[in-house]
Amino acid sequence: MNFSLCNFHKNLISQLFRKIVSLPSLIIDNTMKTRLILFAAIAMLATVSCSKSKGPEQICSISSPDGKAQLSVSTGIERVPTFDLTVDGVTVLSGSRMGYSSPEGDVPGADWKVGKVKKSKHKGTWKPVWGKRAVVPDVYNAARISFSTKGSEVAIELRAYNDGVAWRMVNLKGESTWNEISDFNFEGNYTAWFYNGERHNIGPESLLESEGERMPVMTVKVSDRLYLAVHEAYLLKGKPL
């Protein structure tokens, strides 16, 4: 995982959670360079709002069932989608890109049009193969944003749980030859720890001090009350992080 920092924004390719000490199993489908995290979320349903703003930008925002986390997506520079994450009223990620670079251009990018935005809510359970609990609550708010160009279509699916957020891209064709440009731009020079194979973890180190390649799982301390974890899972094909 390669990353750089500019104005305290750290680029990473991965996925984010809160309350890492209580997280059960994670599932991220990277078959289509997916970002999907499933974990326990016990709460009552909250509102999900998706809207299209006037002008060149399309904005979709979903909140966690308890309303504490908000994941927002908009079209950024060259119309590449970007996302922001706010937790307890504090923005911890902003302007983070979502997508790929292909020989024909960014996917989605300047030649892509924003299509339908569909919202949904889910309240169910799932049974992990291994873990501390036999049954895990699966409660989240979701949205699906469609993009199309020249007969092709992709979609970004978002989920917001009480303990984290997730996103993935679906309907991808030819992604095996593409380069992922997705990143995580952190709002502060936070303290981080990194997985290091069968050796001791790397860290603690500030994001400004991180050099070279880093691998997930990545743990980030935003404050004494908020930790983030970056990860992927369910990698069936394609390149790992």
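These are my notebook entries on a predicted model.

**Ground rules.** I number residues from 1 along each chain as its sequence is written, and side-chain values use heavy atoms, with hydrogens and water left out. As the model is predicted, local features need pLDDT of at least 70 and side-chain atom pairs pLDDT 80 or more, while totals for chains, interfaces and linings use all residues.

**Overall make-up.** I looked up secondary structure and found zero helices and 19 strands. Both are DSSP runs numbered from the N terminus: helices are H or I, at least four residues, and strands are E, at least two. Of the chain's 241 residues, 50% are buried. I take buried as under 20% relative accessible area, exposed as over 50% and partly exposed as in between, with a 1.4 Å probe and protein chains only.

**Core.** The largest nonpolar core holds 38 residues. Such a core joins buried Ala, Val, Leu, Ile, Met, Phe, Trp, Tyr and Cys residues through side-chain atoms within 4.5 Å. F83, V92, L158, W167, F186, M218 and V220 touch the most other members. Strand β13 (residues 152–161) gives the largest share, four residues.

**R159.** I then checked R159, which also lies in strand β13. R159 is buried and has no salt bridge. A salt bridge needs a side-chain nitrogen of Lys or Arg within 4 Å of a carboxyl oxygen of Asp or Glu. The nearest side chain of opposite charge is D138, 5.0 Å away; here Lys and Arg count as positive, Asp and Glu as negative, and His and the chain ends are not counted. What does the R159 side chain contact instead? I found polar contacts with the side chains of Y140 (3.1 Å) and Y161 (3.2 Å). A polar contact is a pair of N or O atoms within 3.5 Å; within protein, one must be able to donate a hydrogen and the other to accept it, and residues adjacent in sequence count only if both atoms are side-chain atoms.

**Salt bridges.** I count five. R144 pairs with E157, with the closest N and O atoms 2.5 Å apart. R144 lies in strand β12 (residues 136–149) and E157 in strand β13, so the bridge ties together parts 13 residues apart in sequence. R144 is partly exposed at 25%, whereas E157 is buried at 18%. R144, E157 and R168 form a network of salt bridges. R214 bridges E205 at 3.1 Å; R214 is buried at 10% and E205 at 13%.
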